[in-house]
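Biologist: Before I rely on any label in this model, I would like to hear what stands behind it. Could we go through the labels one at a time, setting each value against its cut-off?

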Amino acid sequence: METELLARIAAALERLAPPPPPPPRLEGADAFVWKPERNQLVPVPHVSRVDIVLLQGVARQKEIILENTLRFARGFPANNAMLWGARGMGKSSLVKAAHAEANVQFPGSLALIEIHREDIRTLPELLTHLRAQERRALVFCDDLSFEKEDADYKALKSVLDGGIEGRPANVLFYATSNRRHLMPRDMIENERSTAINPSEAVEEKVSLSDRFGLWVGFHNCDQDTFFAMIDGYAGAMSLPVSNEELHKAAIEWSVTRGGRSGRVAWQFIQEMAGKLEVKVT
C-alpha cells in the first residue's frame with residue numbers, strides 16, 4: 001500500500017512538472033542569438049548589415065574572410081578567424097556581409113549565431129547542441145576581449161583548439177576585437193612583472209589569439225578611402241548631391257567626430273539621407 005501511494009505521488013509530481021525544453025534547432029531563420037539562460041537559439045528575422053559590395057578600404061580583408069566563409073558553406077574545412085584592429089573599420093560588418101553572401105550563393109547553407117561576450121563561458125554548451133545538427137553554423141562574438149581576473153578565455157581556448165571532442169566539423173568561430181591579443185596591454189605587462197616565470201604567464205594568455213587560423217588586421221583609413229566609402233554609400237542610395245558638396249560636408253563631419261572610419265562614413269550618410277529626405281531601406 002505504501003509503495004503504491006509513493007508511486008501515485010511521484011506520478012502526480014511528474015504531471016505537475018513542466019517538460020524539459022527541446023534542444024535548440026537551426027530552423028526557421030538564417031541568423032540566431034544564443035540565450036544560454038533559456039537554452040535557446042532565438043531567431044533573428046532581419047540581420048542589421050551592409051551589403052558586401054559597399055565595404056570599402058578593406059579589399060584584402062574582404063577577400064580573405066569571404067573566401068574562408070564560402071569554402072566552409074560549401075562543406076570544406078575552413079579556419080576560425082579573429083578580425084582585430086581599428087574601431088569602426090567594418091570588422092563586424094564584414095562578418096555579417098560574408099554570411100549573407102554565402103547564403104546568396106548557397107541558399108540556407110549557413111546559420112549565423114551571435115554569442116555575447118558575457119556568455120563565452122557557455123560556448124562549450126552551445127557547441128554540444130550544434131554538434132548533433134546537419135546545418136553548418138558560423139558562431140560570432142563581436143567586440144571580444146578579456147580583463148584582469150577574467151578566466152573565460154580558458155573556455156574559449158579549449159573550444160578552439162583543445163579538448164577531447166574538439167570543435168565540431170559543422171561549426172566555425174569568428175570574433176572581432178579592438179585588441180590584437182584580446183588582452184589589455186597593462187594586463188600583459190603586469191603578468192611579466194609579477195609572475196614567477198613571466199614568459200610562461202604571458203604565453204598562457206596571449207596564446208589565445210594563436211588558436212585562430214586567420215588573424216586579419218584592420219587599420220585606420222586615409223581621406224581617399226574615406227571618400228570612397230562615402231561615394232559608395234551615396235551611390236547605392238542615389239543621394240541627390242554632387243561629389244564636391246558631399247566631400248566638403250564629409251570632411252566637416254569627420255573633424256567633428258575626431259577621425260575617419262567606415263562607421264563615421266555610415267553615420268554621415270545617415271545624416272545626409274535624412275537632410276535630403278531620402279529613405280534608407
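**Labels and their cut-offs**

Biologist: Why does Ser238 count as exposed?

Modeller: Ser238 has a relative accessibility of 57%, and exposed means over 50% relative accessible area, with buried under 20% and partly exposed in between (1.4 Å probe, protein chains only), so Ser238 falls in the exposed class. This is a predicted model, in which local features need pLDDT of at least 70 and side-chain atom pairs count only at pLDDT 80 or more, while totals for chains, interfaces and linings use all residues. Residues are numbered from 1 along each chain as its sequence is written, and side-chain values use heavy atoms, with hydrogens and water left out.

Biologist: Is Ser92 buried or exposed, and how do you know?

Modeller: The relative accessibility of Ser92 is 18%, so this residue counts as buried. Ser92 lies in helix H3 and, leaving aside neighbours within four places in sequence, is in contact (heavy atoms within 4.5 Å) with Phe140, Asp142 and Thr176.

Biologist: What makes E4 and strand E5 (residues 136–141) a pair?

Modeller: Two strands pair if DSSP finds at least two bridges between them; E4 and E5 have 5 bridges, in the parallel sense, so they qualify. In one of these strands, E5, Ala137 is the bridge partner of Ala111. Both strands belong to an open sheet of 7 strands, with mixed pairing, in the order E2-E1-E4-E5-E6-E3-E7. Strand E2 (40–43) and strand E7 (214–218) stand at the edges because each has a single partner strand, and one side of each is left without a neighbour in the sheet.

Biologist: What separates a cavity from a pocket, and how many cavities of 30 Å³ or more are found?

Modeller: On a 1 Å grid over the protein atoms alone, a cavity is a set of points where a 1.4 Å probe fits but cannot get out, whereas a pocket is an open set with protein on both sides within 12 Å along at least five of seven lines; lining residues have an atom within 4 Å of a point. The search of the whole structure finds 1 cavity of 30 Å³ or more, and the largest cavity holds about 30 Å³ of space. Its lining consists of Leu123, Leu127, Val139, Val159, Leu160, Arg167, Val171 and Phe173, with two or more residues each from helix H4 (123–131), helix H5 (152–160) and E6. By class, that lining has 7 nonpolar, no polar and 1 charged residues, where Asp, Glu, Lys and Arg count as charged, Ala, Val, Leu, Ile, Met, Phe, Trp, Tyr, Cys and Pro as nonpolar, and the others, Gly among them, as polar.

Biologist: What volume does the largest pocket have, and which residues lie nearest its centre?

Modeller: The largest pocket has a volume of about 710 Å³, a volume being the space filled by probe spheres set on grid points that are joined across faces, edges and corners. Its lining has 33 residues, of which Ser92, Ser93, Lys96, Asp142 and Arg263 lie nearest the centre. H3 gives the most to this lining, with 4 residues, and the lining residues divide into 15 nonpolar, 10 polar and 8 charged.
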